[in-house]
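Please examine the sequence and the three-dimensional structure shown here.

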Amino acid sequence: MKSKSSRILAWLLSITISLAIAMGAILKITLFAPLAEIYKKTGLFEYMQLLGVMELVFLAVFTWPGTMRIGLLLLTGYFGGAMAVELSHGTPFIIPAIILTIIWITAYLRDASFYKPLETKQAFAK
């Protein structure tokens, strides 16, 4: 049984991270000028809107309780890739790292069973 405070924290983190990711995605889709300059420097400008749409889709999958696990994996891959791009261009990767950390904390607070080891079944036992 989850405590009331952990449920409230899970909701607050979910809302906060969802708003931050959605805002970033909308800025990408609308080709926000300062962000577009950054994407031009990294060579990803032509994919900027697609990346924004992907971000929204992954966020929706993560937000829906029944698909949170796959959403967590999709967002992990997305923001892991964002960190790789930042590192390859010599820019600070701290923002995607913070976002990804909050995503994982939120997932844990929403469903801690995702982090428990799987029980091994001996399918070929005699």
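Q: Is D111 buried, partly exposed or exposed?
A: Buried means under 20% relative accessible area and exposed over 50%, with partly exposed in between (1.4 Å probe, protein chains only). The relative accessibility of D111 is 24%, so D111 counts as partly exposed.

The model is predicted: local features need pLDDT of at least 70 and side-chain atom pairs count only at pLDDT 80 or more, while totals for chains, interfaces and linings use all residues. Residues are numbered from 1 along each chain as its sequence is written, and side-chain values use heavy atoms, with hydrogens and water left out.

Q: With which residue does D111 form a salt bridge?
A: A salt bridge is a side-chain nitrogen of Lys or Arg within 4 Å of a carboxyl oxygen of Asp or Glu. For D111 the closest N and O atoms are 3.4 Å apart, and the partner is R69.

Q: How many residues apart in sequence are the parts that D111 and R69 tie together?
A: Helices are DSSP runs (H or I, at least four residues), numbered from the N terminus. D111 lies in the segment after α5, whereas R69 belongs to helix α4, so the pair joins parts whose separation in sequence is 42 residues.

Q: Which helices hold K28 and E55?
A: K28 and E55 form a salt bridge, with 2.8 Å between the closest N and O atoms. Both residues are buried. The pair links distant parts of the chain, 27 residues apart: K28 is in helix α1 and E55 in helix α3.

Q: Why do the buried residues of α4 lie on the same side of the helix?
A: The buried residues of α4 are M68, G71, L72, L75, Y78, F79 and M83. The arc is that of the directions from the helix axis to the C-beta atoms. These residues share one side of α4 because they cover an arc of only 140°.

Technical notes. Helix = DSSP H or I, 4+ residues; strand = E, 2+ residues; numbered from the N terminus.
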